[in-house]
Amino acid sequence: MKKIKNIFLLGLFLVLNMNLMATEESKFEVVSESENYEIRYYQERLVIQTNSGTQNNAFRKLFKYISGSNNESKKIAMTVPVTQVRDKKGDFMQFYLPEEFTKSNIPLPEDNSIEVTSVDAGHYAVLRFSGRSNKQNFDKHAKILKNHLIKDNISIVSSPIKATYNSPFILPMFRRNESMFLVEWN
């Protein structure tokens, strides 16, 4: 009984303290909501990205950059979400940079496998889910979102995008994950 109480208290502590660990989040405007998903408009955003060959290796490289492994030895605040995308050039993990940075003042990476780039402004369909952000859970929710968009005659422009918001120390039931697609929206 004491063990269950301790687990409950730990979970409650984590939930109540999520805001203490909060980081800057990419700003967006919700332009439409349905029962199953929402359509968000994001402005252009500056990111660092690297090929996501192995997820842990990609995360380490990007984290090392924001921890000061850049030409200015500058520490940069972690932001959310961390995204994983697929485009014509391959699969990438991305960290969004705080709003204080622009293309002209961002420190350059020391690791030449890290690229500073931007994500164009656009409309994204988003389905939020909890649990682990593993491939199986993400693929399941991306398929659900895709089916809703097809049913609602919304044109999908991108491959699915995985967005994660929490550290691995947060219990899965309290995690915020999202499946996203860039869509055409009027």
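Does Ser73 count as buried or exposed, and at what relative accessibility? In this predicted model, Ser73 has a relative accessibility of 55% and therefore counts as exposed, the cut-off for that class being over 50%. The residue lies in the loop that runs between helix H2 and strand S5, and its phi is positive, at about 50°, although Ser73 is not a glycine.

The protein as a whole comprises three helices and eleven strands, which follow one another from the N terminus in the order α-β-β-β-β-α-β-β-β-β-β-α-β-β. Of its 186 residues, 40% count as buried, and the protein exposes about 11500 Å², of which carbon and sulfur atoms supply 53%.

Nonpolar side chains in soluble globular proteins tend to be buried together. In this model the largest nonpolar core has 14 residues, and those with the most contacts inside it are Ile48, Tyr65, Ile76, Phe95, Leu97 and Ile106. Strand S4 (45-51), helix H2 (55-66) and strand S7 (90-96) each supply at least two residues of this core, with H2 giving the most, namely four residues. Leu97 touches Ile48, Tyr65, Ile76 and Ile106, and its partners beyond four places in sequence also include Glu24, Leu46, Val47 and Thr79. Apart from this core lies another, of 13 residues, among them Val47, Tyr96, Ile161 and Ala163.

Helix H3 (residues 135-151) has 17 residues, which at 1.5 Å a residue should span 24 Å, and the distance of 24 Å between its end C-alpha atoms agrees with that expectation. The buried residues of H3 are Asn137, Phe138, His141, Ala142, Leu145, His148 and Leu149; because they cover an arc of only 125° around the axis, they fall on the same side of H3. An α-helix has 3.6 residues a turn, so residues three or four places apart point the same way. On the other side of H3, Lys135, Gln136, Lys143, Ile150 and Lys151 are exposed. The cover over the buried residues of H3 includes strand S9 (122-129), strand S10 (161-164) and strand S11.

Residues up to four places away in sequence aside, Ser179 touches Phe138, His141, Ala142 and Leu145, together with Ala125, Val126, Leu127, Phe129 and Ile161. The side chain of Ser179 also reaches the backbone nitrogen of Ala142, at 3.3 Å.

Just after H3, Asn153 takes a positive phi of about 55°, a positive value in a residue other than glycine. Asn153 is found in the loop between H3 and S10 and, at 71% relative accessibility, counts as exposed. A cis peptide bond, with omega of about 0°, joins Val80 and Pro81, and Pro81 is found in the loop between strand S5 (79-80) and strand S6 (82-87).

Conventions
Residues numbered from 1 in each chain as written. Predicted model: local features only at pLDDT ≥ 70, side-chain atom pairs only at ≥ 80, totals over all residues. Heavy atoms only, no water. Polar contact = N/O pair within 3.5 Å; in protein donor to acceptor, adjacent residues only side chain to side chain. Contact = heavy atoms within 4.5 Å. Core = buried A, V, L, I, M, F, W, Y, C linked by side-chain atoms within 4.5 Å. Buried < 20%, exposed > 50% of the residue type's maximum accessible area, 1.4 Å probe, protein only. Areas by Shrake-Rupley, 256 points an atom, 1.4 Å probe, with all protein chains shown as cover. Expected span 1.5 Å × (residues − 1). Arc of directions from axis to C-beta.
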